Structures are given as C-alpha cells and as structure tokens.
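Please look over the sequence and the model shown here before reading on. The briefing is meant to be read side by side with them.

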Amino acid sequence: PQPVYLSDYQPPNYQVTHTELTFDLDPTATRVKARLMIERHSEASDDAPLVLNGEHLTLLKLALDGSPLTEADYRLNDETLRIEDVPAAFILESEVEIAPSSNTALEGLYQSNGMYCTQCEAEGFRRITYYPDRPDVMATFKVTVIGNATSEPVLLANGNPVAQGALENGRHFVTWEDPHPKPCYLFALVAGDLHKVEDRFTTMSGRQVALQLWVEQENLDKTEHAMASLKRAMVWDEQTYGREYDLDLFMIVAVNDFNMGAMENKGLNIFNSAAVLTHSNTATDAAFQNVEGIVAHEYFHNWSGNRVTCRDWFQLSLKEGFTVFRDQCFSADTNSAPVKRIQDVSFFRTAQFAEDAGPTAHPIRPDHFIEITNFYTLTIYEKGAEVVRMLRNLLGWEDFRRGSDLYFERFDGQAVTIEDFVGCMAEVSGADLEQFMRWYSQAGTPEIDARGEYDYAHAEYHLTLRQRTPATPGQPDKLPLHIPVRMGLVGTKSGKDLPLTMNGETLGKDAVIHLREYEQTFIFTDVAEAPVPSLLRDFSAPVKLHFPYSREDLAFLLTHDSDGFNRWDAGQRLAMLALDDLIAAHRNGVEKVMDSRVVEAFRTLLTGQVSDKAVLAEMLTLPSEAYIAEQQPIIDVDAIHAAREFVRQSLAMALRDEFIAIYNDNVSDEPYAPTPEQIAQRSLKNVALAYLMSIEDEQGLALCEAQFAADHNMTDVRHALTLLVHSDRDDLASPALKAFGQKWAHDPLVMDQWFTIQVTRPQLDVLERVEYLMQHPAFSIKNPNKVRALVGAFAQNRVNFHRLDGKGYALLADVVIELNRLNPEIAARLITPLTRWQRFDEERQQLMREQLERIKREPLSSNVFEVVEKALA
Ligand code: HT7
Ligand code: ZN
C-alpha cells in the first residue's frame with residue numbers, strides 16, 4: 001500500500017451536485033442504483049477523466065446520459081472506475097450489488113443483529129456505490145430504501161421522509177430527501193425492526209424539531225438519559241455558539257456492532273449502543289457521563305463538521321479537535337467543571353503522551369498516511385482539542401466566539417482547511433498566530449524545564465523556562481512553539497497568590513506568560529515574599545512541565561494553590577515522588593518505606609479541607625499504573641505495580657478510620673439519579689471502599705459485600721464486584737461473579753462489564769481466563785465491543801499482559817491476526833500496546849517484537865500493515 005500526501009492535494013475535477021440512490025435491501029445481494037448529476041470543475045481540463053472510487057462492488061449496469069456504457073468505455077479495477085471521455089455536465093447511472101451480511105469490517109452497508117446500517121466515514125461510501133469518495137465533493141441526496149415490511153418495518157436515511165408506500169411481495173419503501181449538500185461520508189441508512197422514543201425541541205428561532213431515538217424493543221427503557229442529553233446539548237449550542245439545528249427531524253439509532261462510539265451522519269446519527277443506552281441498573285455513572293458527552297459531541301458536529309466540513313482527511317482535526325473542545329466545555333458546564341478538567345487531562349497525559357512518544361506519533365495535521373482510519377487518534381481528537389482550547393485562552397472567549405461565528409458564516413456549506421479556521425480567529429482578534437500554527441505540524445510532546453529563583457534583596461522572582469520537543473518519526477528537529485503558561489506565585493508566608501508585575505506592568509494574581517523562544521527568563525518584580533510558583537494552571541498547554549519542587553512545596557500547593565487543577569496536580573506530583581522512591585526500592589530489593597508526608601497530606605484532605613466531594617475523590621486517587629509507567633525511562637511493570645500497591649495499602653492502614661467514616665458519611669438510599677451531587681458522593685464513597693479493600697479490612701469487606709448485595713445501582717454494584725474479584729477473596733468473588741453473570745446474561749452491555757472486571761484483576765491467572773472467556777457464548781470476535789471489553793481490557797492489565805513467558809503478547813497477536821481478516825480497523829487499533837515495545841526491558845522488547853514480526857509475515861490489510869511497519873521501523 002502507498003501513502004497519500006497532503007502536499008499532493010488537488011481539487012476534484014468533477015463535482016456531484018445531486019445524488020439519487022435506491023437501495024433494494026437483501027442480506028447477500030443488495031442492489032444499489034445510483035443516479036449522479038455531475039459537473040466538471042471550471043478549472044479542470046476538458047479531457048480530465050472521471051475517476052470514481054469503488055471497492056467490494058459488483059458492477060451490473062452503467063449509463064451516461066441514458067446511454068449504456070460497455071466495458072470498452074471504462075476501466076475498472078479493485079479500487080476505481082475510470083471513464084476517459086465525459087461531457088462538462090452529465091448524469092451517470094449505475095447499479096451494483098453488495099453483500100451486507102458478509103461485511104464484517106463494519107464499513108459501508110452491513111448488518112448488525114439483522115438490522116441494516118451504514119458507516120461511511122472515512123472512506124466507507126466506496127463500498128456502497130461508485131462515487132468520488134472525498135469530503136470536498138458535496139451533493140444534495142435523495143434516497144429510496146426498499147425493504148421487507150416484516151423484518152424491516154423501519155427504513156431510515158438522512159433528511160426528511162418525502163414518500164412511502166407498499167410494494168409487491170411484502171416489500172415496502174420510504175424515500176428521504178436531505179436538502180443540505182453533504183459529502184458522502186455523512187450518508188446514512190438504517191433498516192430493521194426498530195422502535196422509537198420521541199420528543200420535541202423548539203429552536204431559538206421557534207422552529208419545531210422532532211427528536212427520535214430508535215432502538216431494539218428491549219432497550220426502550222434505556223433511552224431517557226440520551227434524549228435529555230440531546231436536548232441539553234441543543235440548548236447549549238444555541239446559547240454558547242449561537243448554533244441552531246437545521247432540519248425538521250433529528251434521529252439517533254443504537255446498533256450493537258460499531259467500530260467507534262458514534263457517527264454524526266446528517267440528521268441520522270448512528271451510535272454504538274454502548275454510547276447511547278443507559279439505565280441505573282445497567283450503566284455506571286461513568287457510562288451516563290460518557291453518553292451525555294458523546295450525544296453532545298455528535299450533535300455539535302452538525303455545525304463543526306457537517307455544515308462546515310473538511311477539505312481532505314488531513315484536516316480531520318479541524319472538525320474533531322474543535323468538536324471535542326466543544327463537548328468538553330458542554331460537559332464542564334453541565335457537571336463539575338474542575339473534575340471534568342482533571343479527568344480529561346489525566347487521561348490525556350496518560351494516553352496521548354504515550355502516543356506522542358511512540359512509533360506512531362504524528363502531528364495534529366499529519367502530512368501523509370496509508371490508511372486514514374488509523375488516524376482517528378488521541379492526537380487528532382484530544383491534542384486537537386487542547387490546541388483549540390489554547391486558542392480560546394489566547395484570544396479570550398469573546399474574540400474566540402466572534403472567530404467561530406465568522407468561520408461558520410464564511411464557510412457554511414464548504415469543505416475547508418485548518419488555515420481557514422485559524423485565519424478567522426486571527427482576523428477577528430488581530431492576533432499573530434503564525435508561530436502558533438506549528439502546533440498543527442509538529443508531532444511530539446513539548447517539555448518545559450522550569451527553574452525559579454527568589455532574589456530577597458531586590459524582591460524579584462526570576463523564572464526561566466526552557467522548551468524542547470523530542471524527535472519523532474520523520475521529524476528529527478523541532479522549532480520552538482508558542483506555549484501559553486498560565487501561572488501564579490503563591491506566597492509561602494501568606495499562602496495567597498501574590499500580585500504579578502513584569503516590566504512595570506501589573507498582570508493581576510493569575511497571568512499567562514508566553515514562551516516563544518527555546519529559552520526565556522521572566523522577571524517578576526515587587527514580589528514581597530518568597531513564593532512557590534504554580535505553573536501551567538488548568539493545564540494551559542499540552543506539555544510536560546518539569547520543576548524541581550520539593551515535597552514541602554507540593555504539600556504547600558496541595559492546600560494553598562488557588563487553582564483547583566494545580567492543587568490536584570500537586571497531590572499527583574507528591575505521590576509520584578514517593579512512588580519513584582518505592583519503584584527504585586523494589587528494583588534494588590530494598591525494604592519499602594512509606595513517605596509520611598504523603599500520608600499526612602492525605603490525612604489533611606480526608607479531614608475536611610476540600611468541600612467538593614467529586615474533586616476530593618480525584619485528589620484521593622493515586623496516579624494510575626499507566627501514568628506512572630509513562631514517567632519512567634524504562635517501564636518496570638512489576639516494580640510499578642508493587643510500589644503503587646504499597647502506597648495504597650500504607651494509606652489504607654494509616655487512614656483506615658477516616659476511610660470508614662468517609663464511606664459511612666456518603667452512603668445514601670436516595671433513588672438513583674446521574675446528578676453531579678450524587679455522582680460525587682458515590683465516587684468518594686467508592687474511593688474509600690477501594691482503599692479499605694486493598695488491605696482486605698474486615699469491615700471494608702463487609703461493606704463491600706453489602707454494597708454488592710444491596711443492588712442499588714450499577715455504579716455501586718460494579719465497583720463492589722470489581723473490588724471483590726480483584727481481591728484475594730475468591731470465596732466471596734466467585735459466587736458474586738456467577739450471580740452477576742447469570743442475572744445479566746441477556747444484556748450484552750452488562751456482559752461487556754462482566755468480561756472486563758475479570759480480565760483486569762491483578763492476580764496472575766488472567767491469561768487463562770481470557771482464553772476461557774473467548775469461548776463464552778456472550779463473546780464474539782466479530783463484535784468490537786466484546787473485543788474491547790475482553791481482549792483490549794486484558795492488554796491494559798499490565799502485570800498479566802506483560803508476563804515474562806510472552807503468552808500475553810502471543811494471545812494479542814493471535815487475535816490481531818484473526819481480526820486482520822474480519823475487521824482491519826479494529827485489528828489495527830488492538831495492536832497499539834505491542835507497538836510500545838521500546839519502552840520496556842530488553843527481554844520484553846524481544847518478546848513483543850517477535851509477535852510484531854509474526855503479524856508482519858501474514859497477508860496484511862493496509863490498516864495493520866501501516867501500524868506494524870511503523871512499530872518495527
Ligand atoms: N466522526 C466519527 C468518526 C467515526 C469513524 C471513523 C472511522 C471508522 C469508524 C467511525 N465511526 C465514527 C465519530 C466522531 O468523531 O464523532
Ligand atoms: Zn467527532
């Protein structure tokens with residue numbers, strides 16, 4: 001497979017102005033008729049050939065302006081249909097046959113539980129019909145779907161229904177029209193035995209919109225939260241960005257087999273059932289919050305993605321980074337803003353930093369790719385969102401909003417670039433964003449080495465910041481970035497933010513300094529007392545910040561920093577210093593000793609300093625093993641696990657009574673609601689229970705069993721079950737696990753949780769359990785949710801996946817090889833943990849490479865090929 005380069009971009013020679021499709025559905029032989037109104041681009045040459053994409057299609061008929069074309073008139077290969085001689089404007093008609101039931105890649109038209117559905121982003125439409133499958137070709141669509149009236153009573157497509165009726169042989173049809181020109185990646189079709197929940201929304205200009213959520217009958221009781229989330233998102237986008245919905249109908253459909261979370265098809269969003277269905281008995285608080293965020297994300301795409309779309313797939317972050325930023329702000333406004341930021345950053349620093357440090361590192365706007373579906377990454381999505389956030393912070397909300405208004409107005413109905421977006425921001429604000437644009441082209445996580453010195457004699461604080469971005473594949477040398485560093489100086493005597501003055505200018509107590517050079521020194525004057533700097537407040541830039549904080553400094557910031565995010569971060573840094581010592585002790589075979597300063601800091605937290613329970617729960621949570629691993633030069637899986645367990649248990653022993661009190665204070669028998677207050681209470685209670693269970697405290701065990709037995713809501717039940725299964729008390733865990741599995745055998749989403757709980761336990765018997773569970777009737781390798789819940793979760797179980805006999809790696813490779821044939825997109829994602837081999841000790845490196853080499857010897861899809869090539873380069 002050959003890479004595509006951004007620098008090779010050429011506008012299309014032909015535009016499709018209107019597309020008419022007729023689907024005659026059949027599991028093995030669906031007929032797709034296409035009638036395309038095509039016009040040559042004014043700047044294309046008269047003899048430019050028409051080249052259409054098409055894969056896995058059987059061509060039955062082709063006609064140009066009503067005249068049938070024969071094989072002599074066109075050239076057909078596995079990927080394209082080429083017609084040399086076409087007029088400036090014409091109608092092309094084609095008929096193809098496709099087989100949805102054997103489409104296990106879940107791209108194009110496929111069947112899920114007997115239901116027909118589509119996934120066209122990024123390049124799935126070419127598996128449906130011959131078409132210029134690129135986002136800068138935008139057409140209006142009219143779609144007729146013909147199905148069996150009994151097995152497919154519901155026939156959906158984008159836009160509004162305009163006709164319907166019965167046909168011969170028990171068939172029926174519905175015709176849909178979408179008046180908004182769209183690229184074919186936003187096309188959608190769904191057909192099956194679906195049931196709807198309906199609501200209404202009145203837009204800010206007074207238009208009525210029907211809202212429909214389509215699900216299988218047994219899931220009708222799991223739609224309330226998604227519908228409420230949708231309405232909140234619609235109001236938020238009107239109030240925050242002035243964006244109104246633009247069709248009479250907005251539909252969401254839940255399907256079981258889906259490669260990602262959801263898809264923003266115009267007027268007909270298709271969702272992975274895991275990203276839309278919730279019920280207090282079946283979904284955890286985290287799932288409720290996830291659903292709210294994804295529903296909002298897909299809805300927000302209606303403007304940031306659909307009305308204004310991407311010129312080409314290199315611009316993917318244009319829609320994804322902006323939309324993630326929008327959904328993050330929505331969730332922050334709807335729930336606890338500090339907790340949302342802590343959780344987002346915590347995930348980002350663990351997972352995106354790891355991606356940036358690995359062999360698949362790429363800029364937010366890559367300059368080449370082999371397989372675009374490999375680029376739906378944390379870098380494009382989450383780092384893209386951090387960059388948009390920096391823009392918002394650099395410009396201030398008002399100018400950012402004016403820039404966003406200009407962008408939506410100027411480019412409505414167009415397919416554009418990242419320059420167009422940033423250009424609007426620069427235009428409205430007058431800001432010089434030239435250097436800032438490097439964030440889009442330079443891969444890797446910038447690191448800032450900071451040093452500070454207080455000059456008593458002159459009452460000055462000198463802060464020196466030095467930036468460097470490590471080399472990444474294809475980018476050995478990096479230029480300095482424009483990095484906004486939000487900061488304060490916290491007085492060690494007063495415990496308060498000190499006024500900041502620089503070059504005679506008063507900056508307030510919390511200011512942004514701009515690091516643009518490789519090294520800069522910032523001199524603050526009139527600093528009345530020795531301060532501790534609080535840097536990168538609210539994670540003002542996606543960088544690694546190093547400052548030689550002492551443990552006393554960190555304990556001080558933990559209680560005195562006015563920035564909630566940095567208070568949390570001070571606790572994480574303090575825990576990391578203790579963990580580093582313990583990792584070293586474990587490696588050297590030295591007795592481990594707990595740092596009493598960490599214990600005292602936690603005691604202070606537990607005894608009433610922090611009033612927000614959700615924030616407190618985050619502050620009491622130790623850095624994850626994955627995060628700790630990212631901080632180590634060479635990852636020592638066992639030492640990290642042992643050190644973290646030691647800290648957990650030491651804290652639990654020292655603060656047992658406090659944890660019991662926290663637990664008891666936060667038990668509630670209120671009916672379940674996914675409100676921020678209840679979620680905060682449950683999180684805090686469950687963090688306390690986890691500490692108690694880490695030492696198998698008798699009272700903790702009793703509380704855990706009782707919580708499981710009370711069966712109050714899935715958050716509490718799942719947490720209790722996880723703690724039992726992850727403890728050494730198999731006598732308690734086995735019956736609970738069995739009861740849970742039997743009770744929920746009928747519910748695929750709960751069974752996913754049942755799989756994950758079992759394969760994430762630290763005891764060293766997990767590999768055999770994975771093998772056993774892969775034979776379980778509820779498991780199917782063809783269902784991405786099952787693969788993620790069982791195999792994906794196992795690969796995150798650090799002590800088990802990284803077993804020194806290499807069997808964990810071999811198991812993953814086996815599954816990747818099988819999935820490479822069935823679903824290349826999922827296979828390519830699943831390999832990720834193996835691609836990080838350079839981060840481990842030599843023995844493991846060797847074992848991981850062996851498996852990558854083994855995969856490489858297979859006949860590979862372009863998806864898997866691209867990842868393995870990079871990993872072994
Ligand atoms: N824009 C959507 C991306 C997506 C996708 C991409 C590749 C293969 C399958 C897919 N399903 C959905 C989702 C989003 O970001 O909103
Ligand atoms: Zn998106």
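This is a predicted model: local features need pLDDT of at least 70, side-chain atom pairs count only at pLDDT 80 or more; totals for chains, interfaces and linings use all residues.

Residues are numbered from 1 along each chain as its sequence is written, and chains are lettered from A and ligands numbered from 1 in the order in which they are written. The protein chain is assigned domain 1 (4-284), domain 2 (309-441), domain 3 (447-541) and domain 4 (744-873), with bounds that come from an automatic or database domain assignment. Between the C-alpha centres of domain 1 and domain 3 there are 51 Å.

**Annotated spans**

- UniProt positions are given in the numbering used here with shortened feature names, and the annotations may be inferred rather than shown by experiment.
- An unreviewed UniProt entry gives residues 15-186 as "domain: Aminopeptidase N-like N-terminal"; this span is 54% strand and 0% helix, and its end C-alpha atoms lie 16 Å apart. Helices (H or I, at least four residues) and strands (E, at least two) are DSSP runs, numbered from the N terminus.
- For residues 226-439 the unreviewed entry lists "domain: Peptidase M1 membrane alanine aminopeptidase", and over this span the chain is 55% helix and 10% strand, with end C-alpha atoms 35 Å apart.
- Residues 444-547 are listed in the unreviewed entry as "domain: Peptidase M1 alanyl aminopeptidase Ig-like fold"; here the chain is 52% strand and 0% helix, and the end C-alpha atoms are 20 Å apart.

- An open sheet of 8 strands with mixed pairing runs in the order S6-S5-S9-S3-S2-S12-S15-S14, where two strands pair if DSSP finds at least two bridges between them.
- S6 and strand S14 (160-166) are the edges of this sheet and have a single partner strand each, so one side of each is left without a neighbour in the sheet.
- S5 and S6 pair in the antiparallel sense over 2 bridges, and Leu64 stands opposite Ser67 in S6.
- The loop between strand S5 (58-64) and strand S6 (67-68) holds Asp65, which has a positive phi of about 45° although it is not a glycine.
- The loop between strand S11 (115-119) and strand S12 (139-148) holds Ala122, and the peptide bond from Glu121 to Ala122 is cis, with omega near 0°.

**The shell around ligand 1**

- Glu121 returns here: of the 15 residues around ligand 1, Glu121, Asn259, Met260, Met263 and Thr373 come nearest, a residue being near a molecule if its C-beta atom, placed from the backbone, lies within 6 Å of it.
- Domain 1 (4-284) and domain 2 (309-441) each contribute at least three residues to this shell, and strand S20 (262-263) and helix H2 (285-300) each supply at least two.
- By residue class, the shell around ligand 1 holds 5 nonpolar, 5 polar and 5 charged residues, with Ala, Val, Leu, Ile, Met, Phe, Trp, Tyr, Cys and Pro counted as nonpolar, Asp, Glu, Lys and Arg as charged, and the others, Gly among them, as polar.

- Strand S17 (residues 195-202) and strand S18 (residues 208-215) run antiparallel and are joined by 8 bridges, with Gln212 in S18 as the bridge partner of Glu198.
- S17 and S18 form a hairpin with 5 residues between them, and Gly206 in the turn has a positive phi of about 95°.
- S18 is also joined to strand S19 (residues 249-255) by 5 bridges, in a parallel run, and Ala210 stands opposite Leu249 in S19.

**The sheet of 3 strands**

- An open sheet of 3 strands, with antiparallel pairing, has the order S30-S27-S32.
- Its edge strands are strand S30 (511-515) and strand S32 (531-535), each of which pairs on one side only.
- Strand S27 (residues 483-491) runs antiparallel to S32 and is joined to it by 5 bridges, and Leu489 stands opposite Pro533 in S32.
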